[in-house]
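Please keep the structure in view while reading.

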Amino acid sequence: MNQIKSALTIAGTDPTGGAGIHADLKTFQEREVFGMSVITSAVAQNTMGVQAVEHMPIAFIEEQLKSVFDDIVPDAIKTGMVSSVDMMQLIATYIKDRPSVPYILDPVMVATSGDALMEEASREVLKDELLPLAKVVTPNVPEAEILINSKIETIDDMKRAARLIVDGKGATSAVVKGGHLGEDVTDVFYDGHEMVLLSGERYETNHTHGTGCTFAAAITAELAKGTELKQAVELAKEFVSAALQYPLGIGKGNGPTNHWGYRLKGLPNQKGSDM
Ligand SMILES: Nc1ncnc2c1ncn2[C@@H]1O[C@H](COP(=O)(O)OP(=O)(O)OP(=O)(O)O)[C@@H](O)[C@H]1O
Ligand SMILES: Cc1ncc(COP(=O)(O)O)c(N)n1
């Protein structure tokens with residue numbers, strides 16, 4: 001029997017289940033990877049916005065990390081909401097200690113509702129300490145603008161951003177996501193050699209809560225299973241597209257995505273096998 005692969009998400013919570021840790025674990029499960037989680041911050045939020053945030057004490061985040069790593073070393077690690085400099089520096093030590101485990105950095109800064117999820121003071125540490133460790137970094141357009149300190153208005157700007165993040169800042173690869181760039185939902189993937197445009201149909205839906213988390217979690221699950229990098233990103237794009245194509249219709253605001261949408265579309269789960 002093949003050993004089941006596992007993935008760890010280090011992120012914040014969403015009690016309504018659409019974003020953060022919850023979106024990640026649902027995605028891992030759908031991709032047949034054993035999901036584990038370390039909570040950085042408990043967020044009282046829903047599809048309408050963020051109501052309150054409690055950050056976990058650093059010592060307790062470390063206890064959680066130790067609990068996981070003393071027992072089950074993950075096959076891939078993803079970070080989402082990591083608010084403070086101290087949290088980033090702690091997490092960086094765990095990632096550096098395991099250079100062969102792919103690390104996926106979703107540089108979550110602001111929720112869809114506009115609420116801040118990362119302290120401004122953490123931006124430089126994210127750029128200097130986490131970015132160079134990342135196998136893939138997945139900024140949306142506003143996040144990429146902060147990473148490169150310049151405006152992004154076109155696909156060419158997205159390509160320039162991806163180049164600066166990889167060639168300039170040391171990530172192995174980047175996907176600059178286009179969900180916030182007008183009518184187009186083209187994402188730009190760059191791995192230092194190849195620039196690939198990932199295009200897809202734009203679905204007219206406000207059920208987009210957790211889209212970014214879901215996309216990065218799908219990449220994480222694929223890398224945990226050993227899928228090649230470009231293929232992992234392409235599969236994740238199909239996964240998140242299907243999650244938007246079949247909205248669930250719940251929530252009073254920006255509702256959650258449908259994590260089993262890809263099954264309705266008949267996309268394969270494991271390579272070569274239909275669900
Ligand atoms: N309306 C849409 N239809 C189809 N695909 C979309 C749509 N909106 C976003 N996407 C895709 O979803 C993924 C996440 O993109 P986006 O730029 O929205 O990230 P994000 O800002 O981190 O997520 P969120 O909007 O949840 O905060 C990308 O692959 C993007 O192309
Ligand atoms: C705990 C947490 N992490 C991340 C997001 C961003 O979600 P999105 O994927 O919509 O950008 C969120 N709203 N809450």
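The largest pocket of this predicted model has a volume of about 1000 Å³. Its lining is made up of 45 residues, and those closest to the centre of the pocket are T112, H180, T208, T211 and G212. Three helices each supply at least two residues of the lining: α5, which spans residues 141-148, together with α7 and α8.

**Two ligands and their place**

Where does ligand 1 sit? Ligand 1 sits in the largest pocket. Ligand 2 also sits in the largest pocket. The two ligands are now taken in turn.

H180 has already been named among the residues closest to the centre of the largest pocket.

Polar atoms of the protein lie beside oxygen atoms of ligand 1. In the side chain of H180, an N or O atom is 2.5 Å from an oxygen atom of the ligand. A polar side-chain atom of N140 is found 2.8 Å from an oxygen atom of ligand 1. For T208, a polar atom of the backbone lies 3.0 Å from an oxygen atom of ligand 1. On its own, ligand 1 has 610 Å² of accessible area, and the protein covers 93% of this area.

**The surroundings of ligand 2**

How many residues surround ligand 2? Ligand 2 is surrounded by 15 residues, and the closest are Q45, T112, G210, G212 and C213. Both T112 and G212 also belong to the residues closest to the centre of the largest pocket. The shell around ligand 2 consists of 6 nonpolar and 9 polar residues, with no charged residue. Helix α7 gives the largest share of this shell, 3 residues.

Backbone atoms of G210, G212 and C213 lie beside oxygen atoms of ligand 2, at the distances in the following table.

| Residue | Protein atom | Distance to an oxygen atom of ligand 2 |
|---|---|---|
| G210 | polar backbone atom | 2.9 Å |
| G212 | polar backbone atom | 3.1 Å |
| C213 | backbone N or O atom | 3.1 Å |

Taken alone, ligand 2 exposes 370 Å², and 93% of that is buried by the protein.

**The enclosed space**

The structure also holds 1 cavity of 30 Å³ or more. About 30 Å³ of space lies in the largest cavity. Which residues line the largest cavity? Its lining is formed by G80, V82, M88, L105, D106, P107, V108, M118, L126 and L130.

**Summary**

The largest pocket, with a volume of about 1000 Å³, contains ligand 1 and ligand 2.

Note on methods:
Residues numbered from 1 in each chain as written. Chains lettered and ligands numbered in written order. Predicted model: local features only at pLDDT ≥ 70, side-chain atom pairs only at ≥ 80, totals over all residues. Heavy atoms only, no water. 1 Å grid on protein atoms, 1.4 Å probe; cavity = no way out; pocket = protein on both sides within 12 Å on 5 of 7 lines; lining within 4 Å. Points joined across faces, edges and corners; volume = space filled by probe spheres on them. Polar contact = N/O pair within 3.5 Å; in protein donor to acceptor, adjacent residues only side chain to side chain. Areas by Shrake-Rupley, 256 points an atom, 1.4 Å probe, with all protein chains shown as cover. Sits in = over half its atoms within 2 Å of the grid points. Helix = DSSP H or I, 4+ residues; strand = E, 2+ residues; numbered from the N terminus. Near = heavy atom within 4 Å. Nonpolar A, V, L, I, M, F, W, Y, C, P; charged D, E, K, R; others polar.
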